[in-house]
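Hello,

Please have it open while you read.

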Amino acid sequence: MRKLLDALQSGRLFELTETSKDEAFDFLGRVLEAIPEIPDDSGVVEAMRAREQAGNTSVSPGLACPHARVEGITADIYCTVGWSKDGIDYGAADGQKVHLLVAYWIPDCQRVAFLKEMSGLAKAVLSTGGIEVIRECDTLGEVRHRLLDWVTVALNEGSPDVRARMLKLSEKSTEQSPPAQN
Amino acid sequence: MPTPKTTKETPDRVTSLLHGTEEAAFAAVEASREGLSAEEAARRLEKFGPNSVAARRANAFVELLRKFKEPLVIQLMVICVLSYFFEDNETKKILSTSLVGGMVFFSVFLSYFQESRSAQAIAKLQAMVKSSCLVLRDGVETSVPIDEIVPGDVVVLAAGSIIPADCRMIQAKDFFLSQSALTGESMPVERMPLPTIDTPHSAQECPNGCLMGSNVQSGTGHALVLATGRDTQFGAMSARMVERKDATAFELGTRSFVWMMIRMMLIMTTLTFGFSAWRTGRPLDAFLFALTVAIGLTPEMLPMILASCLSKGAKSLARMKVVMKRLDAIQNLGAMDIFCTDKTGTLTQDHIVLQRHVDVIGRDSEDVLRYAWMNAHYQTGLRNLLDRAILSRTDLDVERSCRKVDEIPFDFQRRRMSVIVDHEGDYQLICKGAVEEILAVCDRYQIDDELHTMIPMIKDEVLEEYRSLSAQGFRVIALAYRDFDRSREVFTAADESNLVLLGYLAFFDPPKETAATALAGLRQRGVRAKILTGDNELVSRKVCQDVGMPVSRFMGDGINDVLALKAADVGISVDTAVDVAKESADAVLLEKSLLVLVDGIDEGRRIFCNIEKYIRMGASSNFGNMFSVLGAALLFPFQPLSPILILVNNFIYDFSQTAIPFDRVEDDQIAKPRQWNISGIRGFMLWLGPVSSLFDYLTFALMWFFVCPAACGGSWSELSTLAQSIPNLKPGDLSPAQLQFIILFHTGWFIESIVTQTLVVHVIRSAKVPFFGARASWQLSLTTLLAVSFACWLTFSPWIGGLGLNGPGLGTTYWLALTAMTVAYVTLAHLIARPRLQAA
């Protein structure tokens with residue numbers, strides 16, 4: 001959730017006047033491309049659309065996380081948030097309109113961080129009553145407050161959910177075991 | 001251990017042993033949970049006989065006698081008797097009886113010997129692919145041929161096993177059976193051990209019974225054998241009714257051909273009788289003549305030719321390491337136009353290596369390897385190639401700190417399996433299986449040692465690693481786990497839920513070097529290859545690219561091959577396949593190579609081609625003879641050939657065909673699938689028949705107008721006029737000159753008929769120019785030459801008096817004309833047959 005917090009702190013929360021998914025992608029993609037750390041001509045919008053074609057990126061009712069993955073770049077993850085009061089027809093499996101789009105730019109080396117961010121966000125949304133709190137907002141300021149609440153919840157409750165307790169066994173004997181083939 | 005008191009287990013007794021207590025069942029077969037000792041099993045095998053439901057073969061004499069019940073043989077014998085009683089001439093009487101006897105010998109003895117040899121060859125070959133199953137012998141799991149299972153054995157069953165006898169479950173874990181062979185019901189049924197059954201059920205419905213003829217769909221278990229062989233429900237059923245298999249396309253085609261010939265024969269015989277009786281005024285002679293004509297028109301050698309071709313083919317295929325379980329499926333190999341194959345081991349090397357073990361984002365993970373190893377190590381079901389690959393990667397010290405608690409076996413609905421392990425006070429369920437199926441039951445995933453909530457969008461993300469590995473040609477399965485508290489002792493498939501996705505296992509099975517060559521070979525032979533695989537499209541696409549073929553559709557693999565094998569025109573399995581797949585197949589490859597199959601297809605086509613030769617030959621010459629005999633019966637005041645000569649002619653003709661199974665087949669004839677083409681046969685008949693008849697009529701003209709008048713001192717009408725002036729000659733009787741005329745006429749047509757009928761095989765055997773472009777095998781050339789030579793010799797032999805032949809009287813004109821006509825016939829027949837053979 002730290003990337004979402006970064007976005008809020010950097011002022012990358014916008015009200016979306018656009019009503020279509022494509023227009024929203026164009027807008028959020030351009031915002032991401034405007035971040036100085038993101039290389040020029042990195043094709044953020046196209047990458048977001050390609051990912052969307054592989055599978056819808058709605059996370060929970062009313063919330064979606066479109067994202068662009070890039071290879072061969074060592075950099076941090078960046079995020080920007082779009083809010084739509086009326087909602088955008090996102091083609092989500094539940095058929096509901098999406099009110100909040102949290103868009104990410106993810107270098108390949110940051111996949112783990114991204115997955116953790118997603119799981120944390122999903123957990124925070126679920127534990128605070130879902131998208132209803134965002135739907136009830138009338139101003140961007142209210143949305144910002146609600147999002148900060150989510151970040152607080154996520155950071156306080158902590159992610160991961162739990163630490164794994166794995167069975168640890170050793171090989172019978174090093175001499176007898178077959179050689180590794182990797 | 002003593003032999004059980006019951007010497008004959010009946011199906012009713014099996015039902016009763018399924019309803020009673022488990023102790024009673026053990027007592028009845030005098031066995032224990034540890035099974036039998038090897039010595040006791042051997043004693044019982046001696047007592048109860050092999051565990052086989054196959055009907056015992058009748059003794060040779062009875063088998064031989066059965067051949068005499070064939071309508072054709074009865075027909076021959078009736079003619080034999082009639083000839084004997086109605087023939088006045090003693091020599092002819094003996095000759096005709098001997099000849100018909102010889103034909104009975106050909107028809108009965110040759111086909112009997114061929115069929116016996118085929119049956120022996122098949123039995124020998126089938127013994128090479130004997131199915132086996134696991135039983136407890138001396139308390140140890142031992143692999144035993146299914147026909148050596150005895151009552152009292154405890155069989156060890158897993159997914160893919162055949163139920164080898166009528167059994168009672170004494171231990172089971174998620175055990176599901178398919179009883180479709182017994183009940184026709186395709187849905188699997190669950191079976192479990194029960195102390196007793198209170199409500200009466202049939203043996204098939206008993207929830208603790210598993211009966212011979214069914215097979216294990218999923219789960220594992222132990223079962224006590226109550227009855228074997230013909231004492232089983234399946235055996236009793238088989239004994240009550242002869243198993244009827246659906247006729248193959250070839251059998252249907254053959255039947256249709258035979259019926260066409262029989263219809264032709266009946267029409268022909270009736271017309272011949274009518275015309276001949278009217279023209280000669282001797283109805284009895286006409287009747288005898290019509291009966292012999294019927295013999296001439298009957299394809300009596302067809303069963304012998306079929307048996308001989310198929311038997312020879314089965315042996316050739318065995319040399320190529322293809323074992324045919326059904327002889328009549330051989331020609332189906334040649335008819336194959338679409339070849340559906342699985343991938344693993346057929347297109348690939350069947351040498352699967354665990355190449356990578358990675359977490360959900362594709363980083364190498366020792367945890368994934370360790371958990372996969374424990375799953376493979378503890379599972380007791382069907383241990384497949386993937387398990388072996390995992391086990392070969394490492395060897396963990398589990399004895400000291402781990403204990404297996406339970407197992408949820410694999411099945412094709414869930415496409416996953418689990419083991420539950422007790423490790424230092426914790427229970428962990430470790431599940432591996434198809435990626436989609438594992439993901440469907442995961443609600444968390446693990447990265448490093450952190451567990452995170454799985455949401456649909458993240459499933460898409462983690463699937464990316466799977467897609468990437470698959471696209472590289474890896475076969476990928478997923479691994480997941482879940483903790484349980486120690487209060488649980490029994491686990492079911494429902495416990496495979498809320499799992500933690502741990503990572504993926506990527507296996508690689510390199511394509512066979514021969515696969516591309518073999519597939520190209522199939523393409524050249526007009527056979528389209530399709531892969532039916534349970535693997536995902538990405539892996540299939542990669543393998544297909546490597547072997548040079550396009551991707552096909554998803555279907556299945558392993559045990560679920562069975563339905564495909566049953567549905568296919570010819571089901572092919574390999575010797576290393578699961579038992580039920582092997583049992584369902586028509587052919588078993590001893591080598592898992594498509595190159596062997598390509599050879600098999602060629603052999604199937606060769607056999608079909610040779611069978612076709614006989615059929616084309618029979619159809620065209622019989623149709624031609626029909627025109628000739630009918631015309632002659634109408635035109636001439638005497639029979640165009642005496643009944644005895646028709647029999648001799650037929651005998652020689654039959655002999656010439658005995659080498660057809662040994663004939664060589666041209667390469668262009670096996671270049672595409674060979675299927676039964678009844679319209680093609682009809683085309684041959686309608687074109688070649690009249691051509692053959694045309695030369696018969698030319699011979700009639702030659703004999704009637706030139707040869708006979710020249711040798712007998714006048715035309716038939718002149719001789720008839722002269723006959724009226726002969727004293728003591730009764731009205732209707734023939735003068736010596738007239739008899740001489742008829743004998744010469746018979747001789748001329750007899751030789752021409754034999755020459756053209758036997759030589760035509762060289763025309764219809766290939767589209768190439770006979771004798772020059774394509775040569776027959778030495779066997780066929782020899783029998784043809786012998787047949788023609790023998791026929792000619794016969795006309796000069798001391799038997800001529802008895803047979804009514806006069807070779808020396810024919811004169812040079814006849815022999816020159818015959819030579820010219822033969823050359824003309826072969827040329828014309830070749831020109832007519834060539835386009836049809838090219839199109840066939």
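**Chain A overall**

In chain A, 71% of the contacts with a separation of 6 or more are between residues 24 or more positions apart; two residues are in contact if their C-beta atoms, placed from the backbone, lie within 7 Å. This is a predicted model, in which local features need pLDDT of at least 70 and side-chain atom pairs count only at pLDDT 80 or more, while totals for chains, interfaces and linings use all residues. Residues are numbered from 1 along each chain as its sequence is written, and chains are lettered from A and ligands numbered from 1 in the order in which they are written.

Chain A holds six helices and seven strands (DSSP runs numbered from the N terminus: H or I of at least four residues for helices, E of at least two for strands). Their order along the sequence is α-β-α-α-β-β-β-β-β-α-α-α-β. Of the 182 residues in chain A, 38% are buried. Buried here stands for 20 or more other C-beta atoms within 10 Å of a residue's own, exposed for 12 or fewer, and partly exposed for anything in between.

**Where the chains meet**

The contact between the chains takes 32 residues from chain B and 32 residues from chain A. On the side of chain B that touches chain A, the elements giving two or more residues include helix 13 (366-378), strand 14 (442-447), strand 15 (450-453) and helix 16 (456-471). That side has ten nonpolar, nine polar and 13 charged residues. In this scheme Ala, Val, Leu, Ile, Met, Phe, Trp, Tyr, Cys and Pro are nonpolar, Asp, Glu, Lys and Arg are charged, and the others, Gly among them, are polar.

A:Ala164 touches B:Gln446, B:Asp449, B:Glu450 and B:Leu451, leaving aside residues up to four places away in sequence. A:Ala164 counts as partly exposed because it has 17 C-beta neighbours inside 10 Å.

**Helix 4 of chain A and its partners**

Helix 4 of chain A packs against helix 16 of chain B at an angle of about 165°, with the axes 10 Å apart. The two are therefore roughly antiparallel. (Axes are lines fitted to C-alpha atoms, for helices over the stretch in contact, and angles run from 0 to 180 degrees between N-to-C directions; under 35 degrees is roughly parallel, over 145 roughly antiparallel, 65 to 115 roughly perpendicular, and the rest oblique.) From helix 4 of chain A, A:Leu115, A:Met118 and A:Ser119 meet B:Met457, B:Ile458 and B:Glu461 of helix 16 of chain B. The residues of this contact are four nonpolar, one polar and one charged.

Within chain A, the axes of helix 4 (residues 111-127) and helix 6 (residues 140-157) come within 9 Å and cross at roughly 110°, which means that helix 4 is roughly perpendicular to helix 6. Among the residues that meet there are A:Gly120 and A:Lys123 in helix 4 and A:Trp150 and A:Val153 in helix 6. By class, the contact of helix 4 with helix 6 has five nonpolar, two polar and two charged residues.

**Elsewhere in chain B**

The axes of helix 23 (residues 678-712) and helix 28 (residues 811-839) of chain B come within 11 Å and cross at roughly 170°, so helix 23 of chain B is roughly antiparallel to helix 28 of chain B. Their contact has 19 nonpolar, five polar and one charged residue.

Best wishes
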